[in-house]
Amino acid sequence: MTRVHVAGAAGYAASEVIRLVRNHPSLELGALESASHAGSPIGEHVPGLRNFERAFDPPGTLEATLAAGDAVIFAGGAELARKQVPALLERSARVVDLSDAFRLHAHAHGAVYGLAERYRDALRGAAFVANPGCYPTATLLGLLPLASFARHIAQLVVDAKSGVTGAGRTPATANLFAEVAGDVRAYGLDGHRHEAEIVQELAAAGITAPLVFTPHVVPLSRGLLADCYAFFEREPDPDALRAAFERAYGGSRFVRMLPAGRAPSLIGVAGTNDAEIHLSSKGRIVRVICAIDNLGKGAAGNALQNLNLMLGLPEESSLNDRAVGV
């Protein structure tokens, strides 16, 4: 059994990590560290873990109990990750960081970018993984299979919508129910912090067309829908497009290509590590719609998928169940 510690354990994504690790046949929970909730029973703060009789551990517990070969899911903020993750790696821990501290190549500190559908081989046996953001995950799953058509793509447009848990659990007026109910709120219009991550990974695959990216918050607790549009210089072959996506995801345990005319469902992927993809084209415009759970494939589920690969375990271990609550 590999022991898994969770830093920043009181957050939404971290709570999902705890749930998944609890049900994993080859992993066991170590320190569950939280500065904001230290000493409080976990079940009082996380509805889906009401039967879990443990309290959050205080800061310093992870450092005191960490042993070589342990794994750490780091769910604190980027600034904290930059300070603490290098020390964890020096102590021979395997680390999956959920923040955006190490996702860009210029700041990677040796981390493998954790999109298994593209970097599966590099993730096997890796010591350090930068888990992708939820917006980049859905967008990249939707657009990366178009790499073989890259020279014919003139423009990319992504319209994406996320549930409010994507903003984290720290209280903020803008995320209160009364603020989001009945509204669809566009934000980050001067440049979203995850846009550079998307551009980096598209460019690494050879897709360099300019991108217009517009994220929105919608009044849902969880879920993310990315509507991706690729404007081609000439009309692409629909059969060749479908073949490219089938090659990319035909053997994938978690990515489902939907039949023509069927739309992805946020309810269908809620509480899972799954992604549903719709592909269609009209003239020179290719439309790809990708649905994920922002806390599942967009965060905790993907982190566990990566950790399974890092440890040489079956990729789907503990990722077959749906979540209960947030």
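**Helix H9**

I started with helix H9, residues 238-249, in this predicted model. Phe 245 and Tyr 249 both sit in that helix, four residues apart, which is about one turn. I looked up how their rings face each other: the centres are 6.5 Å apart and the planes meet at 55°, so I noted the pair as tilted. Next I asked myself: are these two side chains buried or exposed? Phe 245 comes out at 0% relative accessibility, so it goes down as buried. Tyr 249 is buried too, at 6%.

**Another ring pair**

I then checked the count of aromatic pairs, and it is five. One I picked out is Tyr 135 with Phe 213, an edge-to-face pair with 5.6 Å between centres and 80° between planes. Where in the chain do these two partners lie? I found Tyr 135 in helix H6 (residues 134-143) and Phe 213 in strand E9 (residues 211-217). They are 78 residues apart, so this pair links distant parts of the chain. Tyr 135 is buried with a relative accessible area of 2%, and Phe 213 is buried with 6%.

Last, I went looking for holes. Which residues lie nearest the centre of the largest cavity? I wrote down Arg 19, Leu 20, Thr 272, Asn 273 and Gly 301, out of 12 lining residues. Helix H1 (12-22) and helix H11 (296-310) each give at least two residues to that lining. Sorted by class, I have four nonpolar, five polar and three charged residues around the largest cavity.

Key:
Residues numbered from 1 in each chain as written. Predicted model: local features only at pLDDT ≥ 70, side-chain atom pairs only at ≥ 80, totals over all residues. Heavy atoms only, no water. Phe/Tyr/Trp six-rings, centres within 6.5 Å; stacked < 30°, edge-to-face > 60°. Buried < 20%, exposed > 50% of the residue type's maximum accessible area, 1.4 Å probe, protein only. 1 Å grid on protein atoms, 1.4 Å probe; cavity = no way out; pocket = protein on both sides within 12 Å on 5 of 7 lines; lining within 4 Å. Nonpolar A, V, L, I, M, F, W, Y, C, P; charged D, E, K, R; others polar.
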